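Q: I'd like to learn how to read aromatic pairs in a model. Could you walk me through it?

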Amino acid sequence: MSKRDLKKYLAELSKEQLEEQIIELYEKISPVKVYYDFVFNPKEDKLLQESKVKISHEYFPIKKPNAKWRPKAKMRRSVAQKIIKHFIMIGVDSFVIADIMLYNIEIAQTYSSGNFIKQELFYKSIFNSFEQAVNFSISNGIFNDFKERIIAIQQQTIQQKWKNKYDFEAILEKTDF
């Protein structure tokens, strides 16, 4: 069904029929429920903090009480990507989205500063996240608000001697900061 057909169909429904359909969607389709729950109670600060904790546990997992060993860092970029995608889907403020994008990179760099990482995929993945964050902040007109953090991330790649540090630099050169 096209958007035009949907609009035509909805125009033919009474207010009560529309309400019934929306309630049915809310009850049956989880993303619709999540969307309306957020729209009517947008606790962005709480959502942001919970997300940052979840991302940080990917790199710095918490030892459970009575556990005999410390859990190993998983370093999964996909966890942050799912959170970012979810934030975009429910309409979270672009400042919050950019913040979580940069936090993901910063926590990864914090981890790499104290741990040797031999997987090239880690560096490429963080670069992809950096490129997405820069592009997102530019396209939403908030680059200048995050400029210091973006430059600090790029400087960290030099300080930590990442092999792809020049790729980070090239992204910033394109921005004409």
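A: Happy to! Ring pairs join Phe122, Tyr123, Phe127, Phe130, Trp162 and Phe168 into a cluster. Please note that this is a predicted model, where local features need pLDDT of at least 70, side-chain atom pairs count only at pLDDT 80 or more, and totals for chains, interfaces and linings use all residues. Residues are numbered from 1 along each chain as its sequence is written, and side-chain values use heavy atoms, leaving out hydrogens and water.

Q: What describes a pair of aromatic rings?

A: The distance of the centres and the angle of the planes. Rings of Phe, Tyr and Trp (its six-membered ring) pair if their centres lie within 6.5 Å; planes under 30 degrees apart are stacked, over 60 edge-to-face, and the rest tilted. Searching the whole structure gives 9 aromatic pairs. One of them, phenylalanine 122 with tyrosine 123, is edge-to-face, at 5.1 Å centre to centre and 85 degrees between the planes.

Q: Which kind of pair do phenylalanine 130 and phenylalanine 168 form?

A: A tilted one, with 4.9 Å centre to centre and 45 degrees between the planes. Phenylalanine 130 lies in helix 7 (residues 120–139) and phenylalanine 168 in helix 9 (residues 165–175), so the pair ties together parts 38 residues apart in sequence. Helices here are DSSP runs (H or I, at least four residues), numbered from the N terminus.

Q: Is phenylalanine 130 buried or exposed?

A: Buried, with a relative accessible area of 0%; buried means under 20%, exposed over 50%, and partly exposed in between (1.4 Å probe, protein chains only). Phenylalanine 168 is buried too, at 0%.

Conventions
Helices (H or I, at least four residues) and strands (E, at least two) are DSSP runs, numbered from the N terminus.
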